Amino acid sequence: VPLVLLDDDLYRTYLDQLDSKERINVPSEMVKLGFEDSIRQDGAMITSEYGIPSAVGYGFSVEDMELRSMQGDLFEPEGPIWDEASRSWRVLVDCLGQLKFKSPRNFLKFVALA
């Protein structure tokens, strides 16, 4: 399923540009996961995401990505360890991994021009 991530302002601008006569809001898989501010258009999930630079958007196919781990398990927990300074138990969960992309043609980056 293609996924398009936009910065907040670009996402709001996109929603404002949609013609209300042609817009059909269909609950998406993202809504089921708790991301209520997303729409589905032409088979793609479109939403905003924190940390994306202003006026920038990214699109990618989740099915064409693979999460690889450099460790024996994807997440390796350590602890619990008692921390006397904060008087609490601390747990560390480590993930040394990266995403492997099937092909660059399944991914895009676009910049909105002013």
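Predicted model: local features only at pLDDT ≥ 70, side-chain atom pairs only at ≥ 80, totals over all residues.

Visitor: Okay. Which residues make up the largest nonpolar core?

Guide: There are 7 residues in the largest nonpolar core. They are Val4, Leu6, Leu10, Tyr11, Leu15, Ile39 and Ile46.

Visitor: Which elements give two or more residues to this core?

Guide: Strand E1 (2-6) and helix H1 (8-17) do. H1 gives the most, with 3 residues.

Visitor: And what is Ile46 in contact with, leaving aside neighbours within four places in sequence?

Guide: Ile46 is in contact with Val4, Leu6, Tyr11, Tyr14, Ser38, Ile39 and Gln41. There is also a second, separate core of 6 residues. Leu5, Met45, Val56 and Phe60 are among them.

Visitor: New topic. Where does Ile52 lie?

Guide: Ile52 is in the loop between strand E3 (44-48) and strand E4 (56-61).

Visitor: Is Ile52 buried or exposed?

Guide: Buried, because its relative accessibility is 15% and the cut-off for buried is under 20%.

Visitor: What is Ile52 in contact with, beyond four places in sequence?

Guide: Leu5, Leu6, Asp7 and Tyr58. Take Leu6: Ile52 and Leu6 are 46 residues apart along the chain, yet their C-alpha atoms are separated by 6.8 Å.

Visitor: Now the outside. Which residues form the nonpolar patch on the surface?

Guide: Leu67, Leu74, Phe75, Val91, Val93, Leu99 and Phe101. Together they have about 660 Å² of accessible area.

Visitor: Which strands each supply at least two residues of the patch?

Guide: Strand E7 (88-94) and strand E8 (97-101). Phe75, from the patch, lies in the loop between strand E5 (65-69) and strand E6 (76-83).

How values were computed: Residues numbered from 1 in each chain as written. Heavy atoms only, no water. Patch = residues over 30% accessible without salt bridge, like charges linked within 9 Å, V, L, I, M, F, W, Y side chains within 5 Å. Areas by Shrake-Rupley, 256 points an atom, 1.4 Å probe, with all protein chains shown as cover. Salt bridge = Lys/Arg side-chain N within 4 Å of Asp/Glu carboxyl O. Helix = DSSP H or I, 4+ residues; strand = E, 2+ residues; numbered from the N terminus. Core = buried A, V, L, I, M, F, W, Y, C linked by side-chain atoms within 4.5 Å. Buried < 20%, exposed > 50% of the residue type's maximum accessible area, 1.4 Å probe, protein only. Contact = heavy atoms within 4.5 Å.
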